[in-house]
Amino acid sequence: MRRKIVAGNWKMNGSKDLAEKLVGYVRSEAGSLDNGVEVVIIPPAIYISDVVAQAAGDLAVGVQNVSGWQAGAYTGEVSSGMAVDQGCGYALVGHSERRQLFGETDEVVADKVARVLGDGLVAIVCVGETLEQREAGDAEAVVAAQIERGLAKVEVSQWERVVVAYEPVWAIGTGKTATSEDAQAMHASIRKVLEGIGAPSKDVSVLYGGSVKADNAAALFAEPDIDGGLIGGASLIAEDFVSICRAMPAGS
Ligand SMILES: O=C[C@H](O)COP(=O)(O)O
């Protein structure tokens, strides 16, 4: 089912203190959200249990990355089964920082998506073009290829647990947001690509990420094919994150 989601990816930021104060605040405010948005907190893995405790079932919790392996001698890795065990409902896969800094290919993404879905989590699969690729006119083709390859192992019954996050790399952490029109155009294109690979495209949530802030979220979320946001920097500021959650229109 297509759902409205605002997910806060803390990246390698945060502390026990932030888990307590920020999540406690967001949880207390989430009760008055009347727009049907699902709020997801995605902290570093080491703080997942702290965040789960603070979320107390009112907020969903995700893991930023999981291993492509199930278990074994893989020092430093965390499995999707462990994330489930700790109370996670979501997992990010293929964030551009993983692709660029840790060499994750679309094939690695496909394996991780299969693992995450097999363990019962919702996979938030990140795609997006670099500035160079956009300027060369290749943005849609790059994103289409990432989707086709990264989602190649999704089984028919698993699509309801697939979320796509479109994050233009040039907009991440830069303060440069895609215009809501450009983001909408890419989201519409993503839906066509999803349809082409046999996904129930109208039912798949497609989030936008890249310098989403309290003052630009409403315009982005008002677009018909934008179902929410994947928020980085602004998710570390409790009031800003809650304002972004409130920016989701009701009933869309
Ligand atoms: O996962 C979140 C995105 O990379 C966006 O980060 P940002 O909001 O800091 O630009």
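UniProt positions are given in the numbering used here, feature names are shortened, and annotations may be inferred rather than shown by experiment. Residues are numbered from 1 along each chain as its sequence is written. This is a predicted model, in which local features need pLDDT of at least 70, side-chain atom pairs count only at pLDDT 80 or more, and totals for chains, interfaces and linings use all residues.

## Annotated sites

An unreviewed UniProt entry places the feature "active site" at His95 and Glu167. Helices (H or I, at least four residues) and strands (E, at least two) are DSSP runs, numbered from the N terminus. Histidine 95 sits in the loop between strand S4 (90-93) and helix H4 (96-102).

The unreviewed UniProt entry also gives a "binding site" at Asn9, Trp10, Lys11, Gly173, Ser211, Gly232 and Gly233. These residues span 225 residues in sequence, yet no two of their C-alpha atoms are more than 13.8 Å apart, so they too gather at one spot. Serine 211 lies in the loop between strand S7 (205-209) and helix H9 (217-221).

## Around the ligand

A residue is near a molecule or strand if its C-beta atom, placed from the backbone, lies within 6 Å of it. Which of the 14 residues around the ligand come nearest? They are Asn9, Ile172, Gly209, Gly232 and Gly233. Ala, Val, Leu, Ile, Met, Phe, Trp, Tyr, Cys and Pro count as nonpolar, Asp, Glu, Lys and Arg as charged, and the others, Gly among them, as polar. By that scheme, the shell has five nonpolar, eight polar and one charged residue.

## Helix packing

Axes are lines fitted to C-alpha atoms, for helices over the stretch in contact, and angles run from 0 to 180 degrees between N-to-C directions.

| Pair | Angle | Axes |
|---|---|---|
| H7 (residues 139-150) and H8 (residues 180-196) | about 40° | 10 Å apart |
| H1 (residues 16-30) and H10 (residues 238-246) | about 30° | 9 Å apart |
| H5 (residues 106-118) and H7 | roughly 45° | within 8 Å |

Angles under 35 degrees count as roughly parallel, over 145 as roughly antiparallel, 65 to 115 as roughly perpendicular and the rest as oblique. At about 40°, H7 is therefore oblique to H8. A crossing is left-handed if the near helix is turned anticlockwise from the far one by less than a right angle, and right-handed if clockwise. H7 passes H8 in a right-handed crossing. Two residues are in contact if their C-beta atoms, placed from the backbone, lie within 7 Å. H7 contributes Ala139, Glu140, Val143, Ala144, Ile147 and Glu148, while H8 contributes Met186, Ser189, Ile190, Val193 and Leu194. The contact of H7 with H8 divides into eight nonpolar, one polar and two charged residues.

H1 and H10 are roughly parallel to each other. Their crossing is right-handed. Leu22, Tyr25, Val26 and Glu29 of H1 meet Ala238, Phe241 and Val242 of H10. Six residues of this contact are nonpolar, none polar and one charged.

H5 and H7 are oblique to each other. The crossing of H5 and H7 is right-handed. From H5 come Asp106, Glu107, Val109, Ala110 and Val113, meeting Gln146, Arg149 and Gly150 in H7. The contact of H5 with H7 has three nonpolar, two polar and three charged residues.
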